[in-house]
Amino acid sequence: MKIAPNTVVKMHYAVLDNDDNSIDNTFDDEPLEFIVGTGYLISGLEEALMSKQAGDKLSVSVEPQNGYGERHDNLMQAVPKSMFEDMEVEVGMQFRATTDEGEQTVIVIGIEGDEVIVDGNHPLAGITLNFDVEILDVREA
């Protein structure tokens with residue numbers, strides 16, 4: 001069976017950035033299983049999987065516009081530490097924030113004096129992702 005919308009795909013994958021830094025890898029763990037067309041995968045990877053079948057292996061590069069988007073500097077801002085009440089804020093912490101566009105996850109990327117620098121970009125925004133994929137199974141949903 002070939003991969004198409006509403007099929008269930010079981011696959012292993014490894015993903016690296018352009019500097020060969022490992023971002024994620026399932027080859028030594030449980031494979032990923034998902035229904036095609038539900039928005040679970042980034043569009044660039046899902047498109048590359050179409051018409052593939054069990055046993056296929058492929059390598060694909062996904063540019064930011066087909067992955068997690070481009071980085072936007074306006075999604076980074078300094079906010080007063082007082083907004084975090086009595087919490088001990090540390091770099092790397094994630095919070096849900098209410099913005100003009102609704103709820104959004106922000107990551108603390110720095111602390112400067114009485115200000116906390118947060119970034120609303122996805123951590124993989126602006127990064128080309130290089131996938132090695134092995135399709136293990138394709139079946140009806």
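Arg96 is exposed in this predicted model, with a relative accessible area of 53%, which is over the 50% cut-off for that class. The partner of Arg96 in a salt bridge is Glu103, and the closest N and O atoms of the two side chains are 3.8 Å apart. Glu103 itself has a relative accessibility of 48% and therefore counts as partly exposed. Side chains of opposite charge can pair when their charged atoms come close, and the count for this structure comes to 3 salt bridges.

Another of these pairs joins Glu33 to Arg139, with 3.5 Å between the closest N and O atoms. Because Glu33 lies in strand β3 (residues 32-35) and Arg139 in strand β9, this contact ties together parts of the chain that are 106 residues apart in sequence. Glu33 counts as partly exposed at 40% relative accessibility, and Arg139 is likewise partly exposed, at 39%.

Arg71 and Asp119 also meet through their side chains, with an N to O distance of 2.5 Å. Here too distant parts of the chain are linked, since Arg71 sits in the loop between β4 (57-62) and β5, while Asp119 belongs to strand β8 (residues 115-119), 48 residues away. How accessible are the two partners, Arg71 and Asp119? Arg71 has a relative accessibility of 36% and so counts as partly exposed, whereas Asp119, at 7%, falls under the 20% cut-off and therefore counts as buried.

By residue class, the lining of the largest pocket divides into 10 nonpolar, 6 polar and 3 charged residues.

At least two lining residues come from each of β1 (7-16), β2 (22-25) and β9 (129-140), and β1 supplies the largest share, 3 residues. Which classes of residue make up the lining of this second largest pocket? The lining consists of 13 nonpolar residues and 1 charged residue, with no polar ones.

Terms used: Residues are numbered from 1 along each chain as its sequence is written. This is a predicted model: local features need pLDDT of at least 70, side-chain atom pairs count only at pLDDT 80 or more; totals for chains, interfaces and linings use all residues. Side-chain values use heavy atoms; hydrogens and water are left out. Ala, Val, Leu, Ile, Met, Phe, Trp, Tyr, Cys and Pro count as nonpolar, Asp, Glu, Lys and Arg as charged, and the others, Gly among them, as polar. Helices (H or I, at least four residues) and strands (E, at least two) are DSSP runs, numbered from the N terminus. A salt bridge is a side-chain nitrogen of Lys or Arg within 4 Å of a carboxyl oxygen of Asp or Glu. Buried means under 20% relative accessible area, exposed over 50%, partly exposed in between (1.4 Å probe, protein chains only).
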